[in-house]
Amino acid sequence: MSSVLRNLRLSRSLVLPSCSRTAVNFFSLRTRQTSALSLCSEFDTLPCINPNRKYSGKRFNVPPSAEFVARVSGIPTMAKLPYQETADGLDAAFIGVPIDTGTSNRPGARFGPRQIRVESALLRSYNSGTTAAPYESLMVADIGDVNVNVYDLKDTCKRIRETYRKVLATGCIPLTMGGDHTIAYPILQAVAEKHGPVGLIHVDAHADTSDVVLGEKIGHGTPFRRCVEEGLLDCKRVVQIGLRGTGYSADSYEWSRAQGFRVVQVEECWFKSLAPLMAEVRAQMGSGPVYLSFDIDALDPGFAPGTGTPEIAGLTPIQGVEIIRGCRGLSLVGCDLVEVSPAYDTTGNTALTGANLLFEMLCVLPKVKYL
């Protein structure tokens, strides 16, 4: 018991660090009376405790540690971060875009943000592999979901674009939980409006550069075609990684290459580390603004079955982590993780993997420090 108390740094005079009232309410444990059966019978009360062993001393939101607050408790937010309604005062924000109106095969991605939040309760505050300390570096919160129109995809795109304009206007970097890949198009409209044409690191089983599908120009198979047409991308700074599967023509990626994209088919990734590839990608991206878009179906369905358009022989989770960690040092202005469909995710591992990849994205944002 004495060692536990030392770790908790219990003190009746403890004052919580200076942080937002919302954050304090979220992860503070208030004084309570202990019962006669309490294991800590030598104490009449438990004073307010700070469940975090380290603080930067700055006004950062820090998720509660599962050492002191049960993971199964509370209303699910991304990584159990505080929720706030706007991006005001934030350096980065997790945002859900719960749509699957643009899917062409299995639906269900509208429930992706919700399930990613649930599984994200397992996340902790530090990246043990890289020593990244995002919550000692950035003010981060979950700002909820875009109020989408599940009956009208074009109206939904308008709503997404308008929401992200407001988020970006505050200087906040959005970390998006999809939702199907259609959402990348209106997000990039807002991003390019602020930053100009951006570089793109697109991790996916599919190129998503179709022109028209079933008579429609907007859907999860067309976003990057629309982005090129509107000048949202710096095409010499676009790389697509993990592309594979059967195609409608012998060379499904001819259009991408014709625009100047670098195409890395999955066969080039088999049985190897992708760290050398990412060194080349960093050189390609340079110092300009970069957007990272990660479709969970880039991973082999043996690892991530809960998705709408699975393709065999995909990337491993290790390679997915290598790609994201390889983005460290880039001028990332936004990221997304899309196409998690919980109905096909019987173990929860797809959403859990998505939550971890989103945390890895947070860890490579500009200004995150490494201990």
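Biologist: Let's start with helix H5: which residues of H5 are buried?

Modeller: Keep in mind that this is a predicted model. The buried residues of H5 are Ala184, Tyr185, Pro186, Ile187, Leu188, Gln189, Ala190, Val191 and Ala192. That is nine of the 12 residues, and H5 is described as mostly covered.

Biologist: Why is strand E5 called largely enclosed?

Modeller: The cut-off for buried is under 20% relative accessible area. Six of the six residues of E5 (residues 173-178) are buried, so the rest of the structure largely encloses this strand. On one side you have Ile173, Leu175 and Met177, and on the other Pro174, Thr176 and Gly178, all of them buried. As a general point, side chains in a regular strand alternate between the two faces of the sheet.

Biologist: What makes E3 and E5 a strand pair?

Modeller: Pairing takes at least two bridges. E3 (residues 92-97) and E5 have six, in the parallel sense, so they count as a pair. Within it, Ala92 stands opposite Ile173, and Ala93 has Pro174 as its bridge partner.

Biologist: Which residues have the most contacts inside the largest nonpolar core?

Modeller: Ile201, Leu362 and Leu365, in a core of 54 residues. Helix H10 (residues 349-363) supplies the largest share of this core, eight residues. Another core, of 39 residues, lies apart from it, with Phe60, Ala141, Leu168 and Leu233 among its members. As for Ile201, its contacts beyond four places away in sequence include Val239, Met278, Tyr291 and Leu330.

Biologist: Why is the pair of Trp255 and Phe261 called edge-to-face?

Modeller: The search of the whole structure finds three aromatic pairs. One of them is Trp255 with Phe261, at 6.3 Å centre to centre and 90° between the planes. Centres within 6.5 Å count as a pair, and planes over 60 degrees apart count as edge-to-face, so both parts of the label hold.

Biologist: Why is Phe261 called buried, and why is Trp255 called partly exposed?

Modeller: Phe261 has a relative accessible area of 6%, which is under 20%, so it counts as buried. Trp255 is at 22%, between the 20% and 50% cut-offs, so it counts as partly exposed.

Biologist: What makes the bond between Gly178 and Gly179 stand out?

Modeller: This peptide bond is cis, with omega about 15°. Most peptide bonds are trans. Gly179 sits in the loop between E5 and H5.

Biologist: What makes Ala313 and Glu339 worth a look?

Modeller: Ala313 has a positive phi, near 65°, in a residue other than glycine. Glu339 isn't a glycine either, and its phi is positive at about 75°. In general, most residues other than glycine have a negative phi. Ala313 is in the loop between strand E9 and helix H9, while Glu339 is in the loop between E10 and H10. At 30% relative accessibility, Ala313 counts as partly exposed. Glu339 has 3%, which is under the 20% cut-off, so it is buried.

Note on methods. Residues numbered from 1 in each chain as written. Predicted model: local features only at pLDDT ≥ 70, side-chain atom pairs only at ≥ 80, totals over all residues. Heavy atoms only, no water. Buried < 20%, exposed > 50% of the residue type's maximum accessible area, 1.4 Å probe, protein only. Helix = DSSP H or I, 4+ residues; strand = E, 2+ residues; numbered from the N terminus. Core = buried A, V, L, I, M, F, W, Y, C linked by side-chain atoms within 4.5 Å. Contact = heavy atoms within 4.5 Å. Phe/Tyr/Trp six-rings, centres within 6.5 Å; stacked < 30°, edge-to-face > 60°.
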